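Biologist: I would like a close look at a single part of this model. Please take me through that part, then show me what lies around it.

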Amino acid sequence: MKLELPTLQNWSCHSCGGCCKQHLIEITPAERERIDQQDWPADSTAGISEVPYEWYAGPYWKKRYRLKHRGPDAACIFLSPEGRCRIHAKFGEAAKPLPCRVYPYAFHPAGKKLAVSLRFSCPSVVANKGQALTQQLGDLNNYAIGVGGETGLAAKPPRLSATSTIDWPLILSIRNHLVQMLERPKTRLSDRLLQTYVFCDYLHRATLNNLSTARQQDVVELLAQTAPDEATLLIADLTQHQLSTVGQTYFRLRLAQSARHDTAQTIAKGWRGRWQAMRTASMFVLGNGIAPSLHQQLQPRSFANIEQVTANISAATDELLTRYLVVKAQGLHFCGLAYDGWPFTLGWMSQLLVLPIVTWLARWRAASEQRSSTIDQDFADALMIVDHNHAYSGLLSSKNSLRQVRTLHSNNDLASLFHRLPSA
Ligand code: SF4
């Protein structure tokens, strides 16, 4: 299978066990049967005396099962105290459920290839630690086949916008322009973001459907060339821009949705957990008093205290945030099948919005530890928290969320949020 790999990213598993605590793993009937045959209750050293999976969804004639979680940190039942997967240790990597083998990779249609992306909820991805992806082609091919990659090769391209549908080669050409803008040397992070934003804003407003393919390509090239100068003009306008009330509300709502951490423990709370999440969201919308903890790394602190923290983007954090966006762009992780059918332009704007959210959460991390300014690790932690949900939480890709991003865009609030990002 033809795969397109991200150019900047390495990864190997360092057995931190984080994914086995954070993610709930649904298993197929074949995987359930395989686990039954492994006969865990008979293994006295494993301490698994119960059936290791549970019915969690679907009617009784079409039950869906997932692996059980247990213990004080609600880890997968197969995770040993040493942070190792017992299935892997005893029967080898291939015996694990497919989602465990594929994580943190994600595979998305990209015309005649599959684009490989990664989830930055994994600390080794954030740290860029491990083998080059080019050395893992054999495994990546197997995973791509396992997740039904052949079907992906036949997928239609994502819509460009509400008014334009274009073919794969042009979608990929636009994607490549985004990457070039993100990697532009000697340009502030916020300016690079704004260049990609302006480019997508133009494409969002253009109607390309009635043009020939050659003409569409000409228009795209022209817009890509113009975007940096137009971004400079926009920056001059943004110096006076104040976030609108609705913009502030939507941004805070998105903060709460991005930082929320649903684990086996929170899900077990049922309606109480959902009620608590709604209450928390309304506290964020009001934005005064104490921001309640949404994650074990984010302690209750006053909104005023969090917003007083100075956010420092060092060269290392700039590299991390740039690499994050490049990987997501190259992997087409923000639109189409990867993002609940969102069009390319609004999907990219939603992807860019991750950076102001990460910056706010990095300040909250610093405030949680009584610091008045951020350090690099605050950004790394915040990115892991946010990318756990981005493209995976239905809340962030719902119709409501699409409306929010569209409103933030039309009020110029999105551009203003990018412009306010600190730079290295
Ligand atoms: S089966 Fe193994 S790899 Fe999968 S979540 Fe459980 S411990 Fe982790």
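Which residue in strand 8 stands opposite alanine 106?

Modeller: This is a predicted model, so read every value here as computed from it. The residue opposite alanine 106 is serine 117 in strand 8. Strand 7 and strand 8, the latter residues 113-118, run antiparallel and share six bridges. In general, strands of a sheet pair through backbone hydrogen bonds, in either a parallel or an antiparallel sense.

The two strands form a hairpin, with two residues between them. Glycine 111 sits in that turn, and its phi is positive, about 75 degrees.

Now look at strand 7 itself, residues 105-110. Side chains in a regular strand alternate between the two faces of the sheet. Here Tyr105, Phe107 and Pro109 point one way. Ala106, His108 and Ala110 point the other way. All of them are buried. Because six of the six residues of strand 7 are buried, the strand is largely enclosed by the rest of the structure.

Go back along the chain to the approach. Proline 104 lies in the loop between helix 4 (98-102) and strand 7. The peptide bond joining tyrosine 103 to proline 104 is cis, with omega about 10 degrees.

Next, the ligand. Cys20, Ile25, Leu67, Cys76, Phe78, Leu79, Cys85, Ile87, Lys96, Pro97 and Cys100 are the residues around it. This shell holds 10 nonpolar residues, no polar ones and one charged residue.

A second open sheet also has three strands, in the order 2-4-3, and its pairing is antiparallel. Strand 2 (26-27) and strand 3 (53-57) are its edges, each pairing on one side only. Strand 2 and strand 4 (residues 64-67) run antiparallel and are joined by two bridges. Within that pairing, isoleucine 27 has tyrosine 65 of strand 4 as its bridge partner.

Alanine 74 lies between strand 5 (69-70) and strand 6 (75-76). Its phi is positive, about 50 degrees, although alanine 74 is not a glycine. Alanine 74 counts as partly exposed because it has 17 C-beta neighbours inside 10 Å. Glutamine 370 is in the loop between helix 17 (354-368) and helix 18 (376-389). Phi of glutamine 370 is also positive, near 60 degrees, in a residue other than glycine. Glutamine 370 is exposed, with 9 other C-beta atoms within 10 Å.

Last, a helix pair. Helix 8 (residues 168-182) packs with helix 15 (residues 315-330) at an angle of about 170 degrees, and the axes are 9 Å apart. The two helices are therefore roughly antiparallel. Helix 8 brings Arg175, Leu178, Val179 and Leu182 to the contact. Helix 15 meets them with Thr322, Leu325, Val326, Ala329 and Gln330. By type, the residues of this contact are six nonpolar, two polar and one charged.

Conventions: Residues numbered from 1 in each chain as written. Predicted model: local features only at pLDDT ≥ 70, side-chain atom pairs only at ≥ 80, totals over all residues. Near = placed C-beta within 6 Å. Nonpolar A, V, L, I, M, F, W, Y, C, P; charged D, E, K, R; others polar. Buried ≥ 20, exposed ≤ 12 C-beta atoms within 10 Å, placed from the backbone. Helix = DSSP H or I, 4+ residues; strand = E, 2+ residues; numbered from the N terminus. Pairing = 2+ DSSP bridges. Axes fitted to C-alpha atoms, helices over the stretch in contact; angles between N-to-C directions. Parallel < 35°, antiparallel > 145°, perpendicular 65-115°, else oblique. Contact = placed C-beta atoms within 7 Å.
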